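Hi,

Here's the structure I said I'd pass on.

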Amino acid sequence: MGPRWKGKGSEVKALANPISRSILNLKSSLIKSNSKGILTSCSVRLACNPEQTNLLNQTCFGRCEMTIDKDQWFQFTLEEACYLYFSLKCIKIVGDDDSVKTDNDLWEYMTSKKVDFPNVFKAYSHLRDKNWVVRSGCQFGVDFVAYRHHPSLVHSEYAVLVFSKGKVDGNDRLRVWSDFQSMLRLCGSVAKTLLILYVNTNGEKVIASSPSCLDGYSVVERTITRWSEERCREDQAVGMK
């Protein structure tokens with residue numbers, strides 16, 4: 001389907017300011033300030049200075065909170081927080097007692113909040129590593145939506161569903177053809193391509209009890225679109241005799 005840019009000059013702006021560069025600047029700034037996120041139920045909150053606020057907005061990590069504090073606060077989903085922690089290694093995460101969480105402590109907490117967290121996080125990281133902007137897809141009945149650049153410049157291109165091997169939440173979707181038809185009609189009505197990410201363990205029995213399990217995971221991408229007979233018709237219609 002291709003990108004649908006918002007307004008004249010949006011593509012030029014995006015090319016001049018790649019997401020990858022902004023993420024590197026964000027990583028550097030967060031490491032320099034020894035940033036610590038606070039674990040609160042199913043999210044992580046982080047106090048940011050003006051530079052970090054600007055970079056977080058540019059890279060579309062978290063949601064800005066309205067506060068009267070000197071610092072600006074951002075709230076991250078579990079996937080976003082873990083990407084900053086495990087993948088970019090640019091923040092620390094503390095609990096209610098202000099003690100810094102270890103890798104295993106944090107992973108145990110995340111998986112206790114969301115049973116299929118390892119698979120969803122692997123899928124999220126897979127897209128982020130490819131410099132896609134990834135946001136929640138609950139509005140469209142999917143796990144994520146993926147943008148080529150900042151949502152202010154371009155519409156999201158993909159509606160993403162995450163599947164994995166075994167009996168976990170989400171694997172009961174798209175079981176019958178009517179599910180496919182409904183989802184494809186929905187994606188077509190909002191001009192998105194349905195992207196299925198299959199997370200598998202490469203035939204190994206990987207225990208998801210620590211973040212090291214991600215090393216045994218791989219992601220297979222599949223796009224699904226509706227077949228249009230008009231695309232297959234000959235340019236010149238055959239005359240009827």
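Helix α2 passes helix α3 in a left-handed crossing, meaning the near helix is turned anticlockwise from the far one by less than a right angle. Their axes (lines fitted to C-alpha atoms over the stretch in contact, with angles from 0 to 180 degrees between N-to-C directions) come within 9 Å and cross at roughly 145°. On the α2 side, the contact (heavy atoms within 4.5 Å) includes Ile19, Ile23 and Leu26, and α3 brings Leu55 and Leu56, among others. By type, the contact residues are 6 nonpolar, 6 polar and 1 charged.

A caveat: this is a predicted model, so local features need pLDDT of at least 70 and side-chain atom pairs pLDDT 80 or more, while totals for chains, interfaces and linings use all residues. Numbering starts from 1 along each chain as its sequence is written, and side-chain values use heavy atoms, without hydrogens or water.

Now the strands, which pair if DSSP finds at least two bridges between them. β2 (residues 43-48) pairs antiparallel with β1 (residues 36-40) over 3 bridges, and Leu39 has Val44 as its bridge partner. The hairpin leaves 2 residues between these strands, and Ser41 has a positive phi near 55°. β2 also pairs antiparallel with β4 (residues 72-76), over 5 bridges, where Ala47 stands opposite Trp73.

Lastly, the largest nonpolar core has 61 residues, and Phe61, Phe76 and Phe121 are among those touching the most other members. Core members are buried (under 20% relative accessible area, 1.4 Å probe) and joined through side-chain atoms within 4.5 Å. Helix α4 gives the most to this core, with 7 residues.

Cheers

Note on methods
Helices (H or I, at least four residues) and strands (E, at least two) are DSSP runs, numbered from the N terminus. Ala, Val, Leu, Ile, Met, Phe, Trp, Tyr, Cys and Pro count as nonpolar, Asp, Glu, Lys and Arg as charged, and the others, Gly among them, as polar. Buried means under 20% relative accessible area, exposed over 50%, partly exposed in between (1.4 Å probe, protein chains only).
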